[in-house]
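Colleague: I am new to this structure and would like a close look at one thing, its salt bridges. Which side chains pair up, and how covered are they?

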Amino acid sequence: MTPLPDRYCPVDGVRIPGDSLAWCCPSCHGPLELDFSPTPAPLKSLTGRVNSLWRYAETLPLASPSVSLGEGRTPLVPLTDTVSAKLDFLMPTLSFKDRGAVLLAELARRIGPRRVVADSSGNAGTAIAAYCARAGLACTVYVPLGTSAKKLEQIEAHGARAEEVDGGREAAGAAARRAADEPDTFYASHVFNPYFLHGTKTYVHELWEDMGGRLPDVLVLPVGNGTLLLGAALAVAELYGAGLLDKRPALWAVQAAAVAPLAEAWERGADEPTGTTPVAPTYAEGIAIPRPPRARQILRAVRDSGGTFLTVTEDRIRHAQADLASRGLYVEATAAVCWAAVREGALAGRSAVVPLCGAGLKSGLAR
Ligand SMILES: [Zn+2]
């Protein structure tokens, strides 16, 4: 078995061995990166490979997972002449989070902790619970009090424990981190653990393959904790660095206007949010993150790509969700934010792909 790459802190350079249960930098407590710079396989050599994200084996830090549920290879469907949707809600647990969760569960299986803990407002928690079930790992998911009964039911159906925490999404995160500091515990954090990003990046490897070795002018991406956007940036760097991509796409990051700390920092030309941006309730619960730990990284990735930030109002989210449903695509409100941001002409003719990240059945129609 190939050894696990080291992780390191991008701020102060502290290194952590690959099989360590440490989940953040022991010095500054920030998120870690993976010391891993793979070279993707050329387009032609992908023919005939397994029909899941594991076909991009050269780019993944883990091999031959026994925990795969066939995730990845989601369809690309045109919405207009120049904008297509990638149907990432067609995943084993009905959201794009499976791309990262399968990597975290396979990593946990290799390390072999007593239990796995995670925190989530929904989709990441259900994905982690499903893949831990597949891996035979005991799992506890900390969720905010008031999380929808459907999501709790899905988590518990997989044999995981759902712990409801009073005090909102951030309190659930704090409870998970306290549990993560107990001995022999693996913190399956979709925010702090870089393996998650090396899973979400397969979104772009698939696009590149489906478009015959190219990418659109613009990748429109929903941003809360930025896990899909940072994964996309990783994949673009890998493909471009290997000479497999002529032109890099611009990354357009979309936030709900109600919770837009990153868009606000972008407007000010700042490197990071103030941490005090006011927030309001939003239909886009999956990206309602007031203080994203990887904020600096997200802002830098968008800037380096020549991209921008867009915000969408609650009305536009609601209308975009209904519009997608009227075209046969029933997705959750969070999954409609990218279409909400570009459907009225913001792209000015540029080609683009929007992800439809989560199924409508998870939270219903916004009203
Ligand atoms: Zn550090």
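Modeller: What follows goes through the pairs one at a time.

This is a predicted model, in which local features need pLDDT of at least 70 and side-chain atom pairs count only at pLDDT 80 or more, while totals for chains, interfaces and linings use all residues. Residues are numbered from 1 along each chain as its sequence is written, and side-chain values use heavy atoms, with hydrogens and water left out.

In general, side chains of opposite charge can pair when their charged atoms come close. A salt bridge here is a side-chain nitrogen of Lys or Arg within 4 Å of a carboxyl oxygen of Asp or Glu. The structure holds 25 of them.

One of these joins E206 and R99, with N to O at 2.8 Å. E206 belongs to helix α6 (residues 202–210) and R99 to helix α1 (residues 98–111), so this pair ties together parts 107 residues apart in sequence. Helices are DSSP runs of H or I with at least four residues, strands are runs of E with at least two, and both are numbered from the N terminus. E206 has 0% relative accessibility and counts as buried; R99, at 0%, is buried as well. Buried means under 20% relative accessible area, exposed over 50%, and partly exposed in between, with a 1.4 Å probe and protein chains only.

K201 pairs with E238, their closest N and O atoms being 2.6 Å apart. K201 sits in the loop between α5 (194–200) and α6, whereas E238 is in helix α7 (residues 227–241), so the bridge ties together parts 37 residues apart in sequence. K201 is buried, with a relative accessible area of 0%, and E238 is buried at 8%.

The pair formed by D6 and R15 has N to O at 3.4 Å. Here D6 is partly exposed, with a relative accessible area of 29%, and R15 is partly exposed at 46%.

Some salt bridges are joined up: R55, R73, E209 and D210 are linked in a network.

To put the pairs side by side, E206 and R99 are each buried, as are K201 and E238, whereas D6 and R15 are each partly exposed.
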